[in-house]
Amino acid sequence: MTGQAGLRYAFARVQRGEEAVTDHLQRLGERHRDDHEIHHVARDLSTWSRDHLDQIAVAAAGHDIRFDHQGAHPAPIRHLRETVSTLTGRRPEPDMRLLEDLRDVCLAATEVSLAWEMLAQHAQAGHEEDILELAGRCHPQTLRQIRWCNTMLKTLSPQVLTSL
Amino acid sequence: MEDRVGDASARERLNDLWGDRTPYDRDGQWPARTDECYADGISPEGVQRWVPAASLLHSNGDAMDIAVAGDRIVGVRGRPGDRVNRGRLDIKDLYAWQANHSGDRLTTPLIRRGGELVPADWDSAMTTVADRSRRLLDEHGPGSVAFYTSGQLFAEAYYTLATIARAGIGTNHLDGNTRLCTATAGEALKETFGSDGQPASYSDIDHADVIALFGHNVAETQPVLWMRILDRLAGTRPPQLLVVDPRRTPVAARASVHLATRPGTNLALMNALLHELISHGWVDHEWLGQHTVGFDELARQVADCTPEWAAGICGIESAEISHAAELAGTADRLLATVLQGFYQAHQATAAAVQVNNLVLLRGMLGRPGCGVLQMNGQPTAENTRECGANGDLPGFRNWENTDHIAQLAEIWNVEPLQIPHYAPPTHAMQMFRYAEQGSIKFLWISGTNPVVSLPELARIRSILADGQLFVVVQDIFLSETAALADVVLPAATWGEKTGTFTNADRTVHLSEKAVDPPGDARSDLDIFLHYAAAMGFKDRDGQPLIGWSDPESAFEAWKRCSAGRPCDYTGLTYDLLRQRGGIQWPCTAAAPDGTERLYTGGTFWATPGQCESYGRDLITGASVEETEYRALNPDGKAILKAARYLQPHETVSDDYPMQLITGRSVYHFHTRTKTARVPQLQAAAPRVWAELSMQDARRLHVTDGALLDITSPRGRIRAAARISDVRPGVIFVPFHYGYWDTEALTRPGPGAPGTAANELTITDWDPVSKQPLFKASVCRLEVATTAVDDR
């Protein structure tokens, strides 16, 4: 099959990238439980990336490409993070960590966006309609994740940065 | 209490909440019926002066006259000539004027000294407030100062406050409690029509053949509007009602179709209704093609949303959904209304926008009997929105449009950079978060009681009681919130001050001062003007920033700011409002009689240069960029926006198996600061209750009147059980019952159970409108004791 190595590369990029986004969104949501909108929307958006991972696995398998699906954080670590977040919810210092965590999600999602672009380009050139449809379903949601991070950073950063 | 209404006259209306019927036919004029109520021993002949006003304790804007004798308010009477109510008044407005005379009105400023609030004079109180805000401005900048206002002041006060906050202080932190009641209405209108502004009119009730009420218990939230619907129902060619509500409300009891959906599933239901409209061809494609964008995306989004799919999510029969869709899809004149059942529920804006889509798909806009009423809950919430005291900019201006900022800079004669426009104005829930974190250090609360009305009260109390936050409270009584303040400013109330207020269908009324306020209490406008003078705010020429000094000059200033915008007031004057009564904006030289319906020609305020907002992602709340908006909607059409249903954030579990929704009773307003001081209203609903279904009552061995402990992940309250026609699995608790009339004043006393529904509610808000979700919590019930409530 021509371009199989390229396809494997592009699939691996979106797969690893979506795992990173899931991980970052989950961490964002867990760490910032007292920033309630962040907490709730991050969890909503992490379900998109988890759903992408499932779809990627199915589509890749159709092209004889398989991944070790690592899954999200094991529960004990998640629990520890929640506890730490609750204990530190009321911090006197401005919440720089929130800006940093939003930035991490934004960068991770941007990386996935580029990966989706590459995968879709492979599909265009290789006439792989199933992959084109996959990218057509998932990539717009990645872009929405990026826009969300950008909006939240734009909204929250003036207060955080000017009160340092 | 003096000047009391006699018991006999009160009983009459308390037993007959909506009064006698005056039936009328479709397209007829709603007949007048004058409601009135006077103190014992007073007859209309004994009244010395009649002073025009409008109703205060809901959003309906019912025109009324205040009866005055011996410089006291002695009663009220509806104005039969007014377009809104034709003489009718609801029970709250009939009786609540008595609260003005309460012996515990605030009559002097208070300053906290040695932990106690002690009386002070105005100069020392205002000097304390101004000194603190000036010092914070110098040391920490404008982001340390915030204002949280109301939906119950007058337009003149809001516009003055917006000018102070945006141009004087230069803070982005100004919002109203309208965030809790009307934020989603405004946002849904912006998303669909590019700009805020109520499309339809109350008079559309007279012409509609189907009225669809989405989460809108109009019988209790706007009783006079319900009287209008009841009179249509009693006439020939009555309308059919379609009602979505988990409770069998008085409105649902009269419905042709009542969908008692599971809380949190409104969007799934709406998507299924739209699916049915499209699949049955109940769509005006020609109108859509001329006046909207986005149909293909909407059709794609709802393609799989069959009634069968939604039925499983909403917990109702698919045939009921099909029946509802047929009713809406085949109506000749469809009027849709929306209120808190949608605005305070999961995916609030997305669901409210689908109601807009419902009328747009049918091309039913801008004609008699057709359209949408995105409602609100407070008398002047509309003014909070227009004047920019609500987390928007004055005159429905767009914070991302530099031309709009330049207009404001010219109106206020300040540098454009002085007006914060680097991000959306901060919403109330975020302001409380900044206060919790310590970056907001000064919070001025006017005319609202967040210690009872915001979600998760234990958290709100701890934020306001924190010594680091300087809290100013401006109110008419020592509310739960005022009791936690550093400075309390006594305000005049309705009947003691002059100003305009605008109801949910854009009708502007002038409400005039009838009597003096008690003691040293002052109007909200005078308090804000006093502060502006103490702060010495200047424009860029060194002249006072605020060039007005009384209600009428403030109104003239607001008119200049409204010029050329959707809410154009330039054709209105105090004299015209005195002569004519209620007039709907826009009122201009071109439309001197006001405007009954917006968008009559299918034209909107939605071009990129006009619109108030470029919109948001209905799921994430992310801002749509200007360039995207220009590409999507270059010609300023209405936008059909779609969204996918998501699982609610908090779902039932073994620990918390019931869903909790909160809401209003017809007898009380908000946190009862006025209505509990009215003997008739307080006696009608003296203490908190919880409604549950017969099925749940049997399962849990609950008898009517039994005391229930209701526990959520946030807290616990105790309430008397009321077995009612609420959906099984759902508990309804009214949110009115705080602690100001208990010994503990601000919170449950030691060992005493809580009574405020918001002890239980989750802190979560709609990512688009930022409206808190009061109908999105879970809870469990336990019988506290089987002793029957003594009422």
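1. Basis. The model is predicted, so local features need pLDDT of at least 70 and side-chain atom pairs count only at pLDDT 80 or more, while totals for chains, interfaces and linings use all residues. Residues are numbered from 1 along each chain as its sequence is written, chains are lettered from A in the order in which they are written, and side-chain values use heavy atoms, with hydrogens and water left out.

2. The interface. Contact (heavy atoms within 4.5 Å) involves 37 residues of chain B and 26 residues of chain A. The buried area, meaning the accessible area (1.4 Å probe) that two parts lose on being put together, summed over both, is about 2,600 Å² between these chains, and carbon and sulfur atoms give 47% of that area.

3. Charged pairs across the interface. Four salt bridges are counted between chain B and chain A; a salt bridge is a side-chain nitrogen of Lys or Arg within 4 Å of a carboxyl oxygen of Asp or Glu. One salt bridge joins A:E37 and B:K770, at 2.7 Å from N to O. Helices, here DSSP runs of H or I with at least four residues, also take part: α18 (428-437) and α20 (457-465) of chain B each supply at least two residues of the side that touches chain A. The most comes from α18(B), with five residues.

4. Nonpolar cores. A nonpolar core is a set of buried Ala, Val, Leu, Ile, Met, Phe, Trp, Tyr and Cys residues joined through side-chain atoms within 4.5 Å; buried means under 20% relative accessible area, exposed over 50%, and partly exposed in between (1.4 Å probe, protein chains only). The largest core has 293 residues, and those with the most contacts inside it include A:W148 and B:W444. Helix α4 (residues 96-126) of chain A gives the most to this core, with 13 residues. Another core, of five residues, lies apart from it, and B:Y38 and B:V47 are among its members.

5. A buried leucine. B:L269 is found in helix α9 (residues 266-279) of chain B. B:L269 counts as buried because its relative accessibility is 0%. Not counting residues up to four places away in sequence, B:L269 touches residues including B:V244, B:C314 and B:I321.

6. A link within chain B. B:E512 and B:R578 meet in a salt bridge of 2.8 Å, N to O. The two residues are 66 residues apart, and the pair links distant parts of the chain. B:E512 is buried, at 14% relative accessible area, whereas B:R578 is partly exposed, at 36%.
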